[in-house]
Amino acid sequence: MVRLYTDSLHVGYGERSIVKDLTIEIPDQKITTIIGSNGCGKSTLLKAMTRIIPHQSGGIVLDGKMIAKEDTKILAKKMAILPQTPESTAGLTVGELVSYGRYPYHKGFGRLTQSDLDVIHWALDVTGTTAFKYQPLDALSGGQRQRVWIAMALAQETEMIFLDEPTTYLDMAHQLEVLELLQQLNREQGRTIVMVLHDLNQAARFADYIIALKDGQIVKTGSSEEVICHEVLKDVFQIDAEISRDPRTNKPICITYNLLKGDPNEKNHDFRSSLVCAHA
Amino acid sequence: MSNQPKMGSFIVKLQLAGLIFVGSFIVSMVFGAADTSMHDLWLALSSDVITDQATIIREIRLPREVAAMVVGAALSVAGAIMQGLTRNPLADPGLLGLTAGANAALALTIALLPTANDFTITIACFIGAAIGALLVFSIGLLKKGGLSPFRIVLAGAAVHAFFFAIAEGIGLYFKVSKDVSMWTAGGVIGTTWSQLQMITPFILIGIFISLFLSKQLTLLSLNEEVAVGLGQKTTQIKSILFILIILLTGASVALVGNMTFIGLMIPHIVRGMVGTDYRFVLPMSAIIGAAFMLLADTLGRTINAPYETPVVAVVAVLGLPFFLFIVHKGGRAFS
């Protein structure tokens, strides 16, 4: 059973439509990654699915209900979202920020109950941020901060977690740390993870399901083997990519690539339907 | 839990601020053009004795300083809410055209309805403040890129000048300049108990609701997407906060006229004391804002006694350098 899907979804700002007639299913308890070039609508899709921005037509359905009509607090108990680089943190301590994750469970002033405290404690623990509990968030490094934001999302106790480029601005080690944490949450607790990633090799390595977008439309969906291949990358990014296998994970990796020359205005839509991937 | 140590130190700081406030109140009551002592103050507040000094305190100084208090608190809280809501360190009800809008509405009301009572004038001020705010925000949003701190201050300056000109024009045309400036330049001079009875409830209710929403405001000031993701009804919360700003600013103008910089200055000072969590910033801004206005008005009354220096001028003299300081720091004093 698929809990979350979109049906002929259209999202746009003013006149400009960003996501066009998109019908996708988000597989349950899997890691789904959305890839695509800048401005292809991946962040917009993520924001629309989490009701951060409204959609013009079509539907987003979670557990059989249109999210546009669902109470936002009920949704907050089902899906957590980590936007791109949340800026200022108002001098909050790590513990305080994470405790905001309990917000959907409170009314008005709502004091934290013992079970809230237990959840917060667990969220700090599993993200390895317990040591910073009393420190202001601004005092931490980028990687630590990102883990704290993930801890806040975890404190929300949702089965789905959406992340918009969670590895941006992090160095290589911290990028891996964040992705491994998400993988662990998925494998050990069966949480559904949906994220936008820029790095194709990270997408290939961690995703169970990849959605490749171009101009707000689907180019290809499927496993890393099905999506990270020469033909799809050619269509999505206009690159000529050399795809090989990661000797450690056996996932496809893009070793090197060139920009494709030729007329960039030429749009060959028939080509898309005839895509065949070498590794499929 | 994580909040406890911070909450404890906050309560200590709040008590200290309370002491400063009480001190400011006593100073404002005792000092002035007429010679009064602590003993007179005690008599005035605790007994029915009628002496010249006690009457001066009861009927002239007390209403005036109560006005200073509530206006200081109202504008400081309004400024803090605006800064949180717009994530703009330069937000201030005066700088963003709200007080000028209320002021113009006040002038218009006095001109067209010479018999208007305090209630009518207060309502007119609410409407004027709302129009001023809407104008500034829509000018700020006209161009893509939205409400950058400096663009909104520019829009505020333009709207401020516009409404100021309107108020002047109305004053000259209808020959009500004197009545209008009684309100606008007079500051808290001549505030009566009946005016206070009319306007103070708006301010107290406004501040009370603001305190109740302070946690929501912190969440909103962090990041709007995070707030939505956590299930906050952001449109609803933002609308209520917007109405609160109008309420607090409009009521202040109805009481004392145009007053700039308080809403900018006080929240900045308060953040230095209690951090940037609005659960702490709002109550502290109310107390420090009240104390500040008491002292500013006392300074205005005594600096050149027996002549009055308008409190607006005192505040502006202190506020302008502060504004330039924040601009110089590029708003970084904000966090």
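This is a predicted model: local features need pLDDT of at least 70, side-chain atom pairs count only at pLDDT 80 or more; totals for chains, interfaces and linings use all residues.
Helix α2 of chain B spans residues 38-46 and helix α3 of chain B residues 52-86, and they pack at an angle of about 65 degrees with their axes 8 Å apart; helices are DSSP runs of H or I with at least four residues, numbered from the N terminus, and axes are lines fitted to C-alpha atoms over the stretch in contact, with angles from 0 to 180 degrees between N-to-C directions. The crossing of α2(B) past α3(B) is right-handed, that is, the near helix is turned clockwise from the far one by less than a right angle.

Chain A is divided into domain 1 (4-78 + 158-273) and domain 2 (87-157), with bounds from an automatic or database domain assignment. The centres of these domains, taken over C-alpha atoms, are separated by 27 Å, and 12 residues of domain 1 of chain A are in contact with 10 residues of domain 2 of chain A. On the side of domain 1 that touches domain 2, the elements giving two or more residues are α2 (72-76) and α6 (172-189) of chain A, and the largest share, four residues, comes from α6(A). By class, that side of domain 1 has seven nonpolar, two polar and three charged residues.

Residues are numbered from 1 along each chain as its sequence is written, while chains are lettered from A and ligands numbered from 1 in the order in which they are written. Local features need pLDDT of at least 70 and side-chain atom pairs count only at pLDDT 80 or more, whereas totals for chains, interfaces and linings use all residues.

Terms used. Two residues are in contact if their C-beta atoms, placed from the backbone, lie within 7 Å. Ala, Val, Leu, Ile, Met, Phe, Trp, Tyr, Cys and Pro count as nonpolar, Asp, Glu, Lys and Arg as charged, and the others, Gly among them, as polar.
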